[in-house]
Protein chains: 2
Amino acid sequence: MEYSPSCMKESLPAPVIPKKTVYRLSIYQRCLQRLIENDVNTVSSESLAGVAGVKPTQLRKDLAHFGHFGTRGLGYNVNTLVEMIRDALGRNRLQPVVLVGAGNLGSALLRYSGFQKEGFEILAAFDIAARRGDPKVDGVPVIPQEEMMGFVNKNDVRMAILAVPVSAAQDVVDQLIDAGVQAILNFSPTVVDVPDHVMVKNVDLAVELENLSYFVRN
Amino acid sequence: MEYSPSCMKESLPAPVIPKKTVYRLSIYQRCLQRLIENDVNTVSSESLAGVAGVKPTQLRKDLAHFGHFGTRGLGYNVNTLVEMIRDALGRNRLQPVVLVGAGNLGSALLRYSGFQKEGFEILAAFDIAARRGDPKVDGVPVIPQEEMMGFVNKNDVRMAILAVPVSAAQDVVDQLIDAGVQAILNFSPTVVDVPDHVMVKNVDLAVELENLSYFVRN
DNA sequence: GAAAATCCGTTAATTATTTCACAAGCCCTC
DNA sequence: GAGGGCTTGTGAAATAATTAACGGATTTTC
């Protein structure tokens, strides 16, 4: 049981990390980075959980999926934890990403510094209305849609951010998948169909707002 | 049990709708609107679930929380369903909303037509750098931050969209809550502290992307 | 260096959510 | 208007996720 997950014993099906755990790892990561900035070396599950907005038990259980990282009586070493999470989430955080659809929302996302700051690089943006020689936006070239598949293929791009109109969404998604994309962050307000091996995360701003409105007392 | 929820009988604790159900209602709503545009009158749980990306059973169970709306052997009347969901989510879909932080992301959200299209109206945007007399963005006035609390108070605003830098997020949230806001859609990449009666939905773009990267095969 | 205080890792219990399976209801045809 | 074919609504079963409880390790204090 020690440091090696049980799956090592005889290549069992998989460690099976709950999706929600994986999601929270990203949140922990963000909080840890804040701690590093403040020169904090050690953190207890209680205080980290407090900052991340979860219960201490949940934090410990989440981390336990990946091994033993804490010191009883003391807590977790911040740097160790950050490395562990980085590994867990895939060291390929330098993964190239493309953005499709440089309209209002799309171009705002291009200028949004948050992605870069967290270690993602948007290689290029594609738009149906783009022309060769269009100016870069915040250092990112905006390229005609036709060149998307070739580009994705050539650069081994596995992740895409989608911000195209609903009417184009499914088509673009199909193309992206054809070209090798495996994960899509979808800002187009529609549900798209994808094969099992492709992961889509929908971020539908209007749906989020509508959902929130349910919790407003009348 | 019929059309009136059991809570009417003698004001029981509450109908207790699962959060995830409420969330999915918004998605169903969107899919239904697409159906209306295509002049579809009737839809089965199977086909609606297909479009919404869920299992038919789940759809039926979700709807069942609110009463009987379908016709066995036939399916659901699209218009009836739309009305039912609108009611369930709170008829106050004309709820006023304010946006705080008119930077890159904030101003893109202002121009984003999706909110309006779904029936939300952004009354005003506030920014620390705004000056009286600044031009409107897409019809929405951009107002100095100092006037936020007064405005929210006066206009009975219950919902806010937050797109300010991390360093300002908690302060602004505290002010918003003081002024009466009950639900916050938070695009600032940080977890904010709120009392129990306030609902926050975090949309952290970098976290979403990082999370997705876990599912990319190496 | 012993005792007290802290805090992790883990099992078990609880709670929430999803799925199954099927009875009951309704449409539609003949 | 009777019967076959669909499709809903729903209890019960299965699954997943969260929380609680606690043993044991480690630090800190005196």
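A nonpolar core is a set of buried Ala, Val, Leu, Ile, Met, Phe, Trp, Tyr and Cys residues joined through side-chain atoms within 4.5 Å, where buried means under 20% relative accessible area (1.4 Å probe, protein chains only). The model is predicted: local features need pLDDT of at least 70, side-chain atom pairs count only at pLDDT 80 or more, and totals for chains, interfaces and linings use all residues. Residues are numbered from 1 along each chain as its sequence is written, chains are lettered from A in the order in which they are written, and side-chain values use heavy atoms, without hydrogens and water.

| Nonpolar core | Residues in core | Members, among them |
|---|---|---|
| Largest | 52 residues | Phe115(A), Ile161(A), Phe187(A), Leu109(B), Phe115(B), Ile161(B), Phe187(B) |
| Another, apart from it | 24 residues | Ile27(A), Tyr28(A), Leu63(A), Leu89(A) |

The members named for the largest core are those with the most contacts inside it. Phe115(B) touches Leu205(A), Ala206(A) and Leu209(A) as well as Leu109(B), Phe120(B), Ile122(B) and Ile161(B), not counting residues up to four places away in sequence; contact means heavy atoms within 4.5 Å.

Chain B is superposed on chain A by a rotation of 180 degrees with 0.0 Å of shift along its axis, at an RMSD of 0.1 Å (least squares on C-alpha atoms of residues with pLDDT of at least 70 in both). The two copies are therefore related as by a two-fold rotation axis. In chain B, the C-alpha nearest the axis belongs to Ala108(B), 2.9 Å from it. Of the interface residues of chain B, 100% are also interface residues in chain A, so the copies meet through the same surface.

Conventions
Buried means under 20% relative accessible area, exposed over 50%, partly exposed in between (1.4 Å probe, protein chains only).
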